[in-house]
Amino acid sequence: MSPVSGSGRLVLAATPLGDIRDASARLIEALETADVIAAEDTRRTHSLAAALQVKPSGRVLSFYDQNEVGRVPQLLEALHNGETVLLVTDAGMPSVSDPGYRLVAACVEQDITVTCLPGPSAVTTALALSGLPSDRFAFDGFPPRKSGERKRWFAPLASEQRTVVFFEAPHRLADTLADAVDVLGPDRRVAVCRELTKKYEEVVRGTLAELAEWAVEGARGEITVVLGPAPVQDTPDLDTLVAEVKQRVADGERMKSAATEVAEAAGISKKTLYDAAIKSS
């Protein structure tokens with residue numbers, strides 16, 4: 001559907017991760033001209049504008065995780081009144097593990113124009129620096145804080161064939177990498193990127209075991225972790241899998257459940273294995 005006639009527009013703008021020189025000319029113009037600036041931290045946004053020698057002409061409102069739901073109706077009203085709303089977070093791209101998704105979704109639902117001023121993103125910057133495969137990747141936000149939940153969070157990544165990027169707080173990094181070793185094994189490739197674009201930028205690459213040991217000494221600053229894809233496992237031939245199913249049946253297991261579990265472990269069709277097992281019986 002076409003945008004509502006006479007409505008304003010929401011502008012998502014990426015802000016520098018650390019180096020102020022990464023600010024785009026379009027960001028500078030938007031900060032100066034937007035009717036409303038929705039900022040994750042108004043103090044940081046004012047500091048950013050001052051560093052860029054920009055004086056915002058519009059209203060600067062707070063827009064962070066705890067007030068996002070309540071603030072959306074106010075911003076939608078401004079947009080319906082024809083105003084331009086600029087959405088910025090502390091660093092990087094709004095909506096990427098930062099406030100913004102709910103407002104964007106509401107604008108889409110109400111046919112309000114949404115546009116984006118591209119720029120810095122810790123996700124893609126870390127991915128590019130990691131030295132790990134970047135043709136296919138996923139972003140998983142922050143892992144759970146508790147070890148048990150975190151291990152369950154890592155479990156599906158044991159067979160993930162894409163590179164996975166996630167954020168972590170520096171004081172939890174060592175425990176998180178130790179949990180990853182327990183679930184994913186010590187040899188999975190990983191890169192830890194910290195303080196991207198800042199004075200003390202550092203990228204540490206190695207195995208999970210190596211970086212878990214390194215992290216025990218403590219890491220400071222903003223952390224982005226890039227986990228390499230799981231190694232490709234050779235699939236046993238069908239005759240070998242059928243033999244495994246028949247052995248489990250001989251040990252008292254039902255044919256269907258044995259075929260299902262063996263097929264899932266091998267990554268092949270359950271029906272194909274079940275039919276082959278039945279045929280050979």
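Buried means under 20% relative accessible area, exposed means over 50%, and partly exposed lies in between (1.4 Å probe, protein chains only). This is a predicted model, in which local features need pLDDT of at least 70 and side-chain atom pairs count only at pLDDT 80 or more, while totals for chains, interfaces and linings use all residues. Residues are numbered from 1 along each chain as its sequence is written, and side-chain values use heavy atoms, with hydrogens and water left out. Helices (H or I, at least four residues) and strands (E, at least two) are DSSP runs, numbered from the N terminus.

**Helix 6**

- In helix 6 (residues 147–154), the buried residues are Arg150, Trp153 and Phe154.
- These residues lie on the same side of helix 6, because they cover an arc of only 95 degrees around the axis; the arc is that of the directions from the helix axis to the C-beta atoms.
- An α-helix has 3.6 residues a turn, so residues three or four places apart point the same way.
- Strand 7 (163–168) and helix 7 (173–184) are among the elements that cover the buried residues of helix 6, where contact means heavy atoms within 4.5 Å.
- Gly148 also belongs to helix 6 and counts as partly exposed, at 39% relative accessibility.
- Between Gly148 and Asp179 there are 8.8 Å in space, C-alpha to C-alpha, and the two are 31 residues apart in sequence.

- An open sheet is formed by five strands in the order 3-2-4-1-5, with parallel pairing; two strands pair if DSSP finds at least two bridges between them.
- Strand 3 and strand 5 (113–117) are the edge strands, and each pairs on one side only.
- On average, neighbouring strands of this sheet are turned by 25 degrees against each other, direction ignored.
- Axes are lines fitted to C-alpha atoms, for helices over the stretch in contact, and angles run from 0 to 180 degrees between N-to-C directions.
- Strand 2 (residues 36–39) and strand 4 (residues 84–88) run parallel and are joined by four bridges.
- Opposite Ala39 stands Val88 in strand 4.
- Helix 1 (residues 25–33) lies across strand 1 (9–13), strand 2, strand 4 and strand 5, and runs at about 130 degrees to strand 5.
- Helix 4 (residues 101–109) also packs on the sheet, where it touches strand 1, strand 4 and strand 5; its direction makes about 150 degrees with that of strand 1.

- Strand 8 and strand 10 (residues 223–227) run antiparallel, joined by five bridges.
- Val192 has Val225 of strand 10 opposite it.

**Positive phi in loops**

- Most residues other than glycine have a negative phi.
- Gln53 has a positive phi, near 60 degrees, and lies in the loop between helix 2 (42–51) and strand 3 (59–62).
- With 77% relative accessibility, Gln53 counts as exposed.
- Thr197 has a positive phi, near 70 degrees, and lies in the loop between strand 8 (189–194) and strand 9 (202–207).
- The relative accessible area of Thr197 is 24%, so Thr197 is partly exposed.
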